[in-house]
Amino acid sequence: MANRIGFKEFLKKADSNNDVQLIVDANVIIALKDNKHRDNKSLREFLSALQETSKDIDLFTTVTTKAEFLEYYRRKILTEGILKLYIKNKSEKILSDKVKLEIEKQVRARNQRQNREVQKQQNSEKALEAQSFDTTELDVEEFSVDANYFKDSEIKDIKKVFRGREVQNEMGWVRFCEIILLGRLHQMEKHLDDLCHYLTTRDKESLKYFKDEDVKWQMATQICGESGMGYSDAMILNMANHTTIKHILTMDFDLVYGGHISAPDKVIITPSDRIKGYKNILKGV
Amino acid sequence: MKRKITDILEDMDKLDEIEITDELVDILKDHFKEEIGNNDHGEDEQVAKGINDLIIGNRGKTDNGQQDRV
């Protein structure tokens, strides 16, 4: 039996007398949060509908996912804050020209990344069309953290040029972070802690679902090695395998693929329109 | 008391609006006071376009249904 189910099919099985427990990965939380993500609307609709049709929902994830999400949010806020500074600087001079030029340089780097992604996607589409694959129903929107937001190295380069010429205390960048980032990051962490339980034996709610409290790091290494999946996803599957929680919600093919190999007892919930494509890829596995 | 997922997501959305406050403007003007005034203030049309794109965000096409990772 395939261990995958689409949103629609899962909702049909939802029951107002039953609680639902879902393990989620970083991509799901980012997609829920970021309205630029192509899955933002469908995921929100899915969880909203599930909220209405089931007794209660609990989301679970790993502490690694928490770090991944907060790292995404740091980059998003710093990028948007830096761009607001750049725009403000057009009407009222608040930055040195060195900072202005560095921001322009990093925006060009970002634009090149976007162009490469578009090119890559066009090539992929051409290859599918050459195999007589109907691409008309392919999703036309994609989200990439790297395409939209500055990379860590780019933020570091901007940070370096923030130093004032005659400044005794290095406060420009620090005060920018304090005003733009610090409070938001704390608030976001609090919201995330409200949204998810973390799968550790120290968490009371999670502990109820552990069937084996002796979680071994080596088992995540084993899962990672079995299908070559990312380590963060391998840690999610490892934690899932140590609990009785049956369902994993993901938008990531790698977790669907890895779940098929390394967590066959779990059911992977993913958008209904992608199930068919996954089925074809996993046919021979 | 446990909060609804949709309510938490709404609260997350409220954090997104970033404003460059007068306080931050004053801090940066003071921070860069030696540089400001000595430099020209040219406009780069190509970059300005790129910045608009960046704020709007990228929505390209899918690649075999696989999501980009963080």
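This is a predicted model: local features need pLDDT of at least 70, side-chain atom pairs count only at pLDDT 80 or more; totals for chains, interfaces and linings use all residues.
## A first look at chains A and B

Strand β3 (residues 56–61) of chain A runs parallel to β4(A), and 3 bridges join the two. Chain B, by contrast, has 3 helices and 0 strands.

- Across from F60(A) stands H197(A), which is in β4(A).
- On one side, β6(A) pairs with β1(A) in the parallel sense over 3 bridges, and I5(A) stands opposite I269(A) there.
- Strand β5 (residues 247–249) of chain A also pairs with β6(A) in the parallel sense over 3 bridges.
- In that pairing, L249(A) has I269(A) of β6(A) as its bridge partner.
- In a regular strand, side chains alternate between the two faces of the sheet.
- Strand β6 (residues 267–270) of chain A shows V267(A) and I269(A) pointing one way and I268(A) and T270(A) the other way, and all are buried.

**Helices within chain A**

- Helix α2 (residues 26–33) of chain A is mostly covered, with 8 of its 8 residues buried.
- Helix α4 (residues 63–91) of chain A and α8(A) have axes that come within 10 Å and cross at roughly 145 degrees.
- The crossing of α4(A) past α8(A) is right-handed.
- From α4(A), the residues in this contact include F69(A), Y73(A), I77(A) and L85(A), while those from α8(A) include W173(A), F176(A), M188(A) and L192(A).
- Sorted by class, the contact of α4(A) with α8(A) has 15 nonpolar, 1 polar and 5 charged residues.

**Aromatic rings**

- Over all chains, the count of aromatic pairs comes to 12.
- One of them is the tilted pair of F10(A) and F46(A), at 6.1 Å centre to centre with 55 degrees between the planes.
- This pair links distant parts of the chain, with F10(A) in helix α1 (residues 7–13) of chain A and F46(A) in helix α3 of chain A, 36 residues apart.
- Both F10(A) and F46(A) are buried.
- Another pair is edge-to-face because the ring planes of F162(A) and F32(B) stand at 65 degrees, over the 60 that this class needs; their centres are 5.5 Å apart.
- F162(A) lies in the loop between α7 (152–160) and α8 (172–195) of chain A and F32(B) in the loop between α2 (22–31) and α3 (45–56) of chain B, so this pair joins two chains.
- F162(A) is buried, and F32(B) is too.
- A single aromatic cluster is formed by F69(A), Y72(A), Y73(A) and Y149(A).

**Where chain A meets chain B**

- Helix α3 (residues 40–53) of chain A and helix α1 (residues 5–14) of chain B have axes that come within 9 Å and cross at roughly 145 degrees.
- On the α3(A) side the contact involves R44(A), L47(A), S48(A) and Q51(A), which meet I5(B), T6(B), L9(B) and D13(B) in α1(B).
- The contact of α3(A) with α1(B) is made up of 3 nonpolar, 3 polar and 2 charged residues.
- S96(A) sits in the loop between α4 and α5 (97–130) of chain A.
- With a relative accessible area of 3%, S96(A) falls under the 20% cut-off and so counts as buried.
- Leaving aside neighbours within four places in sequence, S96(A) is in contact with V161(A), F32(B) and E35(B).
- S96(A) and R163(A) are 67 residues apart along the chain, yet their C-alpha atoms are separated by 9.3 Å.

**Chain B at a glance**

- Along its sequence, chain B follows the pattern α-α-α.
- Chain B has 70 residues, and buried residues make up 36% of them.

Terms used
Residues are numbered from 1 along each chain as its sequence is written. Chains are lettered from A and ligands numbered from 1 in the order in which they are written. Side-chain values use heavy atoms; hydrogens and water are left out. Axes are lines fitted to C-alpha atoms, for helices over the stretch in contact, and angles run from 0 to 180 degrees between N-to-C directions. Helices (H or I, at least four residues) and strands (E, at least two) are DSSP runs, numbered from the N terminus. Contact means heavy atoms within 4.5 Å. Ala, Val, Leu, Ile, Met, Phe, Trp, Tyr, Cys and Pro count as nonpolar, Asp, Glu, Lys and Arg as charged, and the others, Gly among them, as polar. Buried means under 20% relative accessible area, exposed over 50%, partly exposed in between (1.4 Å probe, protein chains only). Two strands pair if DSSP finds at least two bridges between them. Rings of Phe, Tyr and Trp (its six-membered ring) pair if their centres lie within 6.5 Å; planes under 30 degrees apart count as stacked, over 60 as edge-to-face and the rest as tilted. A crossing is left-handed if the near helix is turned anticlockwise from the far one by less than a right angle, and right-handed if clockwise.
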